[in-house]
Amino acid sequence: MTLAINYCLRALCLLVYAMALGQLVGLVPAGTFDRAPTLALVLLALHAGELLLFFKNVRLYPGPLAMSVVLTLLFGLLHWKPLAAQHAEKGQTGEHE
């Protein structure tokens with residue numbers, strides 16, 4: 001997956017969360033984006049499942065673990081998959097951390 005596609009999909013995730021938040025706090029007119037909160041909850045639930053299943057990849061983040069957990073909850077595989085690919089690439093080239 002190219003970096004540009006990854007960032008576009010991350011922006012789409014953030015848009016879903018923003019629409020859900022706007023709907024919940026009443027910033028959006030009634031009848032608009034009615035399913036956004038449900039969609040945001042489904043995304044968060046799926047990403048929480050990914051966090052549990054792929055925690056070893058989440059731990060590959062070079063920054064604080066808490067930040068990696070938050071990024072995984074927000075973006076799911078868009079966060080941890082590139083980390084895993086980069087780690088696998090380093091392993092194949094013989095580089096060690």
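The tour begins with the whole chain and then turns to single regions and residues.

**Before selecting anything**

This is a predicted model, in which local features need pLDDT of at least 70 and side-chain atom pairs count only at pLDDT 80 or more, while totals for chains, interfaces and linings use all residues. Residues are numbered from 1 along each chain as its sequence is written, and side-chain values use heavy atoms, with hydrogens and water left out.

**Stop 1: the whole chain**

Display the chain as a cartoon. How many helices and strands are there in the chain? There are five helices and zero strands, so named because helices (H or I, at least four residues) and strands (E, at least two) are DSSP runs, numbered from the N terminus. Along the sequence, the pattern reads α-α-α-α-α. The radius of gyration is 16 Å, well over the 13 Å that the globule rule gives for 97 residues, so the chain is more spread out than a compact globule. Here the radius is taken over C-alpha atoms, and the globule rule is 2.2 Å times the number of residues to the power 0.38. Taken along the principal axes, the box filled by the C-alpha atoms is roughly 55 × 25 × 20 Å.

Of the 97 residues, 29% count as buried; buried means under 20% relative accessible area, exposed means over 50%, and partly exposed lies in between (1.4 Å probe, protein chains only).

**Stop 2: the largest nonpolar core**

Select C13, V16, Y17, A20, A36, A40, L43, L71, F75 and L78, the 10 residues of the largest nonpolar core. Such a core is a set of buried Ala, Val, Leu, Ile, Met, Phe, Trp, Tyr and Cys residues joined through side-chain atoms within 4.5 Å. Helix 1, helix 2 (36–53) and helix 4 (65–75) each give two or more residues to this core. Which helix gives the most to this core? Helix 1 does, with four residues. In soluble globular proteins, nonpolar side chains tend to be buried together.

**Stop 3**

Select H47, which lies in helix 2. Is H47 buried or exposed? With a relative accessibility of 5%, H47 counts as buried. Not counting residues up to four places away in sequence, H47 touches C13, Y17, T72, L73, L74, F75 and G76, where contact means heavy atoms within 4.5 Å. The C-alpha atoms of H47 and G76 are 4.7 Å apart, although 29 residues separate the pair in sequence.

**Stop 4**

From L46 to L77, 31 residues along the chain, the C-alpha separation is 10.0 Å. Next select L53, also in helix 2, which is exposed with a relative accessible area of 67%. L53 and T32 are 21 residues apart in sequence, and their C-alpha atoms are 35 Å apart.

**Stop 3: F33**

Select F33, in the loop between helix 1 and helix 2. F33 is partly exposed at 41% relative accessibility. What is the phi of F33? The phi is positive, about 55 degrees, although F33 is not a glycine. Most residues other than glycine have a negative phi.

**Stop 4: L15**

Finally, select L15 in helix 1 (residues 3–24). L15 is partly exposed, its relative accessible area being 44%.
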